[in-house]
Amino acid sequence: MELRKIADRVFYHPHQPETDRPMLAYLNGEQYTLAIDAGNSADHVEEFYQALQDKELCRPDFTVITHWHWDHTFGMHHVHGISLAHRKTNEYLKRERERLADPGYSDFLRADDEFLRREYENGKDIIIRPADLEFEESLTLFLGGLTARIFHTQSPHSEDSVLLYVPKEKILFLGDATSEDFYQGGYMDQSKLRALIRVIERTECRWCVLSHTEPLTKGELLEYLYSIQA
């Protein structure tokens, strides 16, 4: 699967519904490079890196995680460079790693999620690793010609949701922040949704990039979110 360009120095590797692989993004700074999310397996990461190589782009210096769910983090042990995540993300990942010490938990994960079972077929090991560095509220990375503003936000999807804003290109990466909470029976917390909408409204972005769909304009995303408000 080819890398797609959304701006001069910003690329994304499209999502893959058949195994629930999310979109992985890449910021090509003049001094440093940054990936968004670590994929759902080492195979996913390797496919992403091959797509970078095909475009003569180097492997990322940094990888930032949008939230702890398996499809965004189970490839973290395979990423190049330094991984970054919110403190809560690391807490969730450490908890999951402890659970994985019980062989039965791996069987449970496979039985519970058909996409995970498909990604980890033929006895592939599930490896969970927390990020190398963690932050509390926000973090700004100056990549050279590009700035990445990374910040924690309220979201109906997960307590550790992190957004990434690229001011120069007016692009906002949201991970799965706009989705319901699948770990709470698909519950959509309307107060958290409204808080997230306010964040999007006040962000000067042209594009909004979610993990499991193609990029949307700010207007397109807000129109959808307004339509699902209770």
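Colleague: How do the residues of the lining of the largest pocket divide into nonpolar, polar and charged?

Modeller: In this predicted model, the lining divides into 17 nonpolar, 12 polar and 12 charged residues, where Tyr and Cys count as nonpolar and Gly as polar.

Colleague: What makes a residue part of the lining of this pocket?

Modeller: A lining residue must have an atom within 4 Å of a pocket point, and 41 residues line the largest pocket, with His-69, His-157, Asp-181, Phe-182 and Tyr-183 lying nearest its centre. The volume of this pocket is about 840 Å³.

Colleague: Which helix gives the most to the lining of the largest pocket?

Modeller: That is H3, with five residues, while H4 (103–112) is one of the helices that each supply at least two.

Colleague: Why are the buried residues of H4 said to line one face of the helix?

Modeller: Buried means under 20% relative accessible area, and in H4 this applies to Tyr-105, Ser-106, Leu-109 and Arg-110. Seen down the axis of H4, these buried residues fall within an arc of 140°, and therefore they line one face. What covers them includes H3 and H5.

Colleague: What does the face of H4 turned away from its buried side carry?

Modeller: That face carries Pro-103, Asp-107, Ala-111 and Asp-112, which are exposed, a term that requires over 50% relative accessible area.

Methods. Residues numbered from 1 in each chain as written. Predicted model: local features only at pLDDT ≥ 70, side-chain atom pairs only at ≥ 80, totals over all residues. Heavy atoms only, no water. 1 Å grid on protein atoms, 1.4 Å probe; cavity = no way out; pocket = protein on both sides within 12 Å on 5 of 7 lines; lining within 4 Å. Points joined across faces, edges and corners; volume = space filled by probe spheres on them. Helix = DSSP H or I, 4+ residues; strand = E, 2+ residues; numbered from the N terminus. Buried < 20%, exposed > 50% of the residue type's maximum accessible area, 1.4 Å probe, protein only. Arc of directions from axis to C-beta. Contact = heavy atoms within 4.5 Å.
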